[in-house]
Amino acid sequence: MGIDIEYFIEILEKEVKDYQVPVVDLIAVQTKDPFKVLVATILSARTKDEVTAEASRRLFARADSIQELAGLDEKELQKIIYPVGFYKNKAKYLAALSQKMAEDFSSKVPQTMDGLLSLPGVGRKTANLVLAQAFGIPAICVDTHVHRIMNIWGYVETKTPEQTEVVLRKKLAEKHWIPINSLLVAFGQGTCRPVGPHCDRCVLERECPKRNVTPRKQKKPNRMDGVKRLVSWNVNGLRAVFKKGFMESLAEMDPDVLGLQEIKAMAEQLPEILQNLPGYHSFFFSAVRKGYSGVATYSKEKPLSVIRGIGDSRFDDEGRVLTLEFNNFYFVNCYFPNSKNDLSRLGFKHEFNLLLQDFAEDLAARKSVVVCGDFNVAHKEIDLANPRQNRKNAGFTPEECAWMDRYTEAGWIDSFRLKNKGPQQYSWWSYRSRARDRNIGWRIDYHCVDGRSLDRIVDADIYQHIHGSDHCPVVLDFVC
Ligand code: SF4
């Protein structure tokens with residue numbers, strides 16, 4: 001049985017009252033100016049609302065009308081609107097827009113779909129939004145959130161936003177056409193998020209069919225005595241992630257041992273609080289080359305010993321492996337080399353892999369070993385969104401996967417896969433094409449445990465909801 005769409009919309013209208021209003025709606029309400037709605041809509045594509053709001057404010061301070069926009073050249077526009085997504089293209093469109101509107105529409109924003117679609121940089125989504133928000137003309141703008149949520153509800157079964165628009169035009173009562181976009185954008189940004197939707201606190205939790213949804217994991221209960229939470233996270237620059245809520249993420253995860261990769265800094269370049277993290281013992285192994293690679297490990301318990309590197313300067317100069325020894329296990333924090341787009345470092349990476357494996361096996365002869373970090377390889381097809389297209393690409397080449405096969409055949413256990421068999425669970429997403437929003441990702445971060453320590457693996461998880469880097473943290477609860 002399908003959902004009751006009238007009920008869903010009624011509930012959400014009450015729910016989103018306290019949510020942040022999407023930026024284009026805000027500009028429409030505040031200015032009632034079709035020119036500003038059009039320009040803000042163009043800026044907003046593939047850009048966060050906060051960035052769009054700031055760029056719009058700067059641009060409207062310089063150009064309050066189509067005529068004033070015509071006075072700005074492409075280079076100036078680029079500077080004004082940076083860092084919105086695709087700012088160079090958007091600057092080009094904006095420069096051409098005023099000319100086209102002067103020639104064909106007497107410097108006024110056209111009020112028809114065809115007129116809007118004839119403007120540079122304007123597609124159906126933008127045109128629909130301008131018709132709806134600027135002129136109040138019934139039109140359905142289908143943002144990615146509308147398309148996604150309508151499919152989650154099973155109200156449409158479509159592959160593209162364009163198909164969703166067609167179906168909604170047939171099924172959805174016209175009174176909902178204009179507001180549906182704002183409603184679902186606000187709801188999609190606040191609760192029904194693309195990665196890890198908050199079903200746990202959703203007003204529609206009972207009625208929603210949740211098609212193809214992996215709900216956000218509930219915060220785990222306190223650990224049992226004798227279980228340590230080990231977290232690994234490629235932060236893609238420790239100074240950068242620090243400015244993006246690292247301390248809040250740390251408080252939420254509350255790791256006993258935290259292995260960070262790609263810190264891209266010497267210890268002394270870090271803010272004081274990261275050099276000596278409160279409540280933790282802090283260890284660093286940075287690359288010789290400044291701003292490159294490097295690993296750091298923070299531990300609540302003081303380790304018995306610390307081993308920096310694996311005894312080969314080719315890899316140790318790049319700050320790739322940092323090992324802490326505890327009473328009954330070794331924590332090996334690794335940043336595996338990337339084989340590079342042209343695969344020029346495939347051989348280098350393979351040599352690292354073999355040496356790292358020897359190193360970890362030597363340790364495992366003495367006590368349990370957890371090897372964690374960014375392995376820079378998705379092991380099996382289930383571990384990335386587009387396996388076929390990436391078969392020859394860095395991180396999923398047959399050579400890299402073959403090493404991972406040999407590594408696991410030698411007894412090393414991929415703890416996450418041991419505990420989680422499902423697809424679409426990734427730890428890295430490209431910054432391009434809103435890959436994270438669309439969950440087009442790769443699982444390349446692991447906690448691997450030596451075979452004899454299988455029984456010590458309590459649980460393993462990926463914290464996809466934690467942002468700040470292009471990777472998210474991966475977690476292992478381990479009996480210690
Ligand atoms: S229950 Fe979950 S999937 Fe359904 S609308 Fe709410 S957040 Fe989205």
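This is a predicted model: local features need pLDDT of at least 70, side-chain atom pairs count only at pLDDT 80 or more; totals for chains, interfaces and linings use all residues.

Next, zoom out to the whole protein chain. It holds 19 helices and 14 strands. Its radius of gyration is 26 Å, close to the 23 Å that the globule rule gives for 480 residues, so the chain is as compact as a globular protein of that length. If you draw a box along the principal axes, the C-alpha atoms fill roughly 80 × 55 × 45 Å. Buried residues account for 42% of the 480 residues. Among contacts with a separation of 6 or more, 65% join residues 24 or more positions apart.

Where they meet, 5 residues of domain 1 are in contact with 7 residues of domain 2. The domain 1 side of that meeting place has 2 nonpolar, 2 polar and 1 charged residues.

Now for the inside. In soluble globular proteins, nonpolar side chains tend to be buried together. Here the largest nonpolar core has 67 residues, and L238, F331, V332 and V370 are those with the most contacts inside it. Highlight strand 7, residues 329–335, which gives the most to this core with 6 residues. Then click on V370: setting aside residues up to four places away in sequence, it touches L230, F329, F331, V332, H447, V449, L476 and F478. A second, separate core has 60 residues, including I80, I81, I180 and V185.

Last stop: K125, which you'll find in helix 9, residues 124–135. Is this lysine buried or exposed? K125 counts as buried, because it has 22 C-beta neighbours inside 10 Å. Show its surroundings, skip the neighbours within four places in sequence, and you'll see K125 in contact with C141, V142, D143 and P161. Finally, pick E165 too: K125 and E165 are 40 residues apart in sequence, and their C-alpha atoms are 9.3 Å apart in space.

Methods: Residues are numbered from 1 along each chain as its sequence is written. Two residues are in contact if their C-beta atoms, placed from the backbone, lie within 7 Å. Ala, Val, Leu, Ile, Met, Phe, Trp, Tyr, Cys and Pro count as nonpolar, Asp, Glu, Lys and Arg as charged, and the others, Gly among them, as polar. Helices (H or I, at least four residues) and strands (E, at least two) are DSSP runs, numbered from the N terminus. The radius of gyration is taken over C-alpha atoms; the globule rule is 2.2 Å times the number of residues to the power 0.38. A residue is buried if 20 or more other C-beta atoms lie within 10 Å of its own, exposed if 12 or fewer, and partly exposed in between; C-beta atoms are placed from the backbone. A nonpolar core is a set of buried Ala, Val, Leu, Ile, Met, Phe, Trp, Tyr and Cys residues joined through C-beta atoms within 7 Å.
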